[in-house]
Amino acid sequence: MPELPEVEIYARYFAEHALGQKITSVDVLDERILGARKEEFVRALKGRSFTTVRRHGKHLFAKAGKSWLHLHFGMSGDLAHYRDPDPPPRFARVVFNFAGGAHLAFEDMRLFGVVDLTPSPDEYIREHRLGPDPVDAKFTLRTFRKIAERRRGAIKALLMSQDVIAGVGNLYADETLFQSSIHPRRPVDRLSDAELRSVFRNLRRILREVIVRRGRNADHPRRYVIHHREEGARCPRCGGEIRRTVVFGRTTYFCGKHQR
DNA sequence: TTCCATGTTCCGCA
DNA sequence: TTGCGGAACATGGA
């Protein structure tokens, strides 16, 4: 379940269970997940320790020696820590084995994720043209206004374009627009400044709120539309009808009554 | 069996 | 040039 808040939680989980521990070996259980050559990947990590963890958008980076491990979780990626004699989880694709019998598995049922190496997060961000991270302190209303000024098309598409803002996916884009009372297909150049400000504030608040609540879906506040992603459901805000459509190629839920 | 899924990329069209 | 629809990728759950 990985959008920005989930990946932030994974980053903290990774730090808690992997930082400072000696990597005795690395098991690649399914090479299809690997963006690097297996031998090179294992050689770069084996015998070293992870010393720093960083997140940018939906990407997680962990430094080991001279290179950085890069994790992208796709649609179904997750991390799982376990100890001997427990077996790896069912969909473990790469397992980092640590001294003392602890393990950290990268699991990903659908294999849309990526595990590879990069010389540095900054280089990765540049090469892959990732936009600013919206939770970062440097991401201000001013930044967001500037982004919106040179953008046409649906507001939902802007929120989900990783080269514009890095980290927002389908669920939190919908949630942001729901709480901002804005229709997901509304063109960016037809939003008032007050609406732009509302999107900015709600986006940051929602992402932070979910991180603080540790990201599990059931823990999201009751007022969130995320619990009502179903055609014909009742809007938790105004009692209107929840409608389903497709925007930017993704299933989109919105309240037909209060989102305009 | 059929449809759907929290993501990304590439192609083609307007 | 920009934006976006559609398909493809791989797999399991309802």
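Strand β3 (residues 59–64) of this predicted model is mostly covered, with five of its six residues buried, where buried denotes under 20% relative accessible area, exposed over 50% and partly exposed the range in between, as computed with a 1.4 Å probe on protein chains only. Strands, here and below, are DSSP runs of E with at least two residues, and helices are runs of H or I with at least four residues, both numbered from the N terminus. On one side, β3 pairs with strand β2 (residues 50–56) in the antiparallel sense over six bridges, pairing being assigned if DSSP finds at least two bridges between two strands. Within this pair, R54 stands opposite F61 in β3, and the two strands form a hairpin with two residues between them, in whose turn G57 has a positive phi of about 60°. β3 is also joined by six bridges to strand β4 (residues 67–72), again running antiparallel, and here H59 is placed opposite H72 in β4. The hairpin of β3 and β4 likewise has two residues between the strands, and G65 takes a positive phi near 65°.

Strand β7 (residues 102–108) is largely enclosed by the rest of the structure, because seven of its seven residues are buried. The covering extends to both faces, with A102, L104, F106 and D108 buried on one side and H103, A105 and E107 buried on the other. Strand β5 (residues 77–83) runs antiparallel to β7 and is joined to β7 by seven bridges, with Y82 opposite H103 in β7. Strand β6 (residues 92–98) is antiparallel to β7 as well, through six bridges, and V94 stands opposite F106 in β7. β6 and β7 form a hairpin with three residues between them, and G100 in the turn has a positive phi of about 95°.

Helix α7 (residues 193–212) contains 20 residues, which at 1.5 Å a residue should span 28 Å, and the distance of 29 Å between its end C-alpha atoms agrees with this; the expected span is taken as 1.5 Å times one less than the number of residues. Residues buried in α7 include L196, V199, F200, L203, I206, L207, V210 and I211, and also N202, R204 and E209. The buried residues of α7 pack against α1 (4–18), α4 (141–149), α5 (155–160) and α6 (170–179), contact being defined as heavy atoms within 4.5 Å. R214, which follows α7, has a positive phi near 70°.

DNA strand C is surrounded by 14 residues, of which the closest are R32, M109, R110, G153 and A154, a residue being counted as near if one of its heavy atoms lies within 4 Å of the molecule or strand. Of the atoms of DNA strand C that come within 4 Å of the protein, sugar and phosphate account for 68%. By class, the nearby surface has seven nonpolar, two polar and five charged residues. An N or O atom in the side chain of R151 is 3.5 Å from a phosphate oxygen of DNA strand C.

Residues are numbered from 1 along each chain as its sequence is written, while chains are lettered from A and ligands numbered from 1 in the order in which they are written. In this predicted model, local features need pLDDT of at least 70 and side-chain atom pairs count only at pLDDT 80 or more, whereas totals for chains, interfaces and linings use all residues, and side-chain values use heavy atoms, with hydrogens and water left out.

How values were computed:
A polar contact is a pair of N or O atoms within 3.5 Å; within protein, one must be able to donate a hydrogen and the other to accept it, and residues adjacent in sequence count only if both atoms are side-chain atoms. Ala, Val, Leu, Ile, Met, Phe, Trp, Tyr, Cys and Pro count as nonpolar, Asp, Glu, Lys and Arg as charged, and the others, Gly among them, as polar.
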